[in-house]
Structures are given as C-alpha cells and as structure tokens.
Amino acid sequence: MKALAIVALIFTAISFFVPIFGVYISVFTSLLCLFSFRFEPTLSGITVGLNLLKTLFLSPSIVATAALEAATTEGSTEVTSFLYWTLNGFHIFVLVVGIVLASTRKKKDV
C-alpha cells in the first residue's frame, strides 16, 4: 500500500501542471488515497491535503469555467459553484473517512 500512496503523491504533483484534466486527476488520486489510508496515513493525508489545496486555491480550470459561463449567460455561476463545492466536498469527505480509517487501525506491538 505504500507504493499506492507514493504513486498517488506523484500523480498529484503532476496534476498541478495539467491544465484542464488536473482536477480529475486530483479526484482519482484522492480515491487512491482512500484505499491506502489505513496502511499509510501520512502519505495519504499529505496527498489529499495537496489535492484539497489545489482544488480550493490553484485550480484555474474551475475559474475559467466560471468566467466562460458568466460570459455566455447573464452572470449565473450556479453550475460552476456546484462543481467547485462538489470537488472540494469530495476531497474533504475522503480526508475525514481517511482519518477515521487511520484511527481505527490496530497498533503493532513492538
């Protein structure tokens, strides 16, 4: 599972530079982290946190979609706002479920 968390982190780093599909790569890597959260909570938490920060602040495709929609309609950005909060809600949901999974993990006796 450590390899899965590392692959997710690498794809998250790549998604910062992909213009339009980077948001969807972030969703995919958060889903990968959901599977590996129980075994590698640190790497998975970092990856989901980076995805959340990217979607919250650094996602130009959502901003471009909002600008395009505002230009074609009369200032309505309801669909883009729904997309923005759906993506961020997904990352927050994965983070909360991951924290629950990591906290229910059995500790190894040393």
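Predicted model: local features only at pLDDT ≥ 70, side-chain atom pairs only at ≥ 80, totals over all residues.
**Notebook: a greasy patch and a core**

Started on the outside. Phe 16, Phe 17, Ile 46, Leu 50, Leu 53, Phe 57 and Leu 58 make up a nonpolar patch on the surface, and together they have about 750 Å² of accessible area.

I found Phe 57 in helix H3, which covers residues 41–57. Is Phe 57 buried or exposed? Its relative accessible area is 64%, and the cut-off for exposed is over 50%, so I put Phe 57 down as exposed.

Then I went through the rest of H3. I listed its buried residues as Leu 43, Ser 44, Thr 47, Val 48, Asn 51, Leu 52, Lys 54 and Thr 55. Lys 54 and Asn 51 are among them, which I jotted down along with Leu 43 and Val 48. I also checked the length: H3 has 17 residues and reaches 24 Å from first C-alpha to last, close to the 24 Å expected at 1.5 Å a residue.

Next, the inside. Which residues form the largest nonpolar core? I got eight: Ala 8, Leu 32, Cys 33, Leu 34, Phe 37, Val 48, Val 94 and Ala 102. Two elements give two or more residues to this core, helix H2 (22–36) and helix H5 (78–103). H2 supplies the largest share, three residues. Val 48 turned up again here, having already been on my list of buried residues in H3.

Setting aside neighbours within four places in sequence, I see Leu 34 in contact with Val 94, Val 97, Gly 98 and Leu 101.

For buried residues in H2 I wrote down Gly 22, Val 23, Ser 26, Thr 29, Ser 30, Leu 32, Cys 33, Leu 34 and Ser 36.

Last, I stepped back to the whole protein. I count five helices and zero strands, and the order from the N terminus is α-α-α-α-α. How much of the protein counts as buried? The figure is 31% of its 110 residues. For contacts with a separation of 6 or more, I have 71% coming from residues 24 or more positions apart. The accessible surface comes to about 7,000 Å², and carbon and sulfur atoms hold 76% of that.

Conventions: Residues numbered from 1 in each chain as written. Heavy atoms only, no water. Helix = DSSP H or I, 4+ residues; strand = E, 2+ residues; numbered from the N terminus. Buried < 20%, exposed > 50% of the residue type's maximum accessible area, 1.4 Å probe, protein only. Contact = heavy atoms within 4.5 Å. Areas by Shrake-Rupley, 256 points an atom, 1.4 Å probe, with all protein chains shown as cover. Patch = residues over 30% accessible without salt bridge, like charges linked within 9 Å, V, L, I, M, F, W, Y side chains within 5 Å. Salt bridge = Lys/Arg side-chain N within 4 Å of Asp/Glu carboxyl O. Expected span 1.5 Å × (residues − 1). Core = buried A, V, L, I, M, F, W, Y, C linked by side-chain atoms within 4.5 Å.
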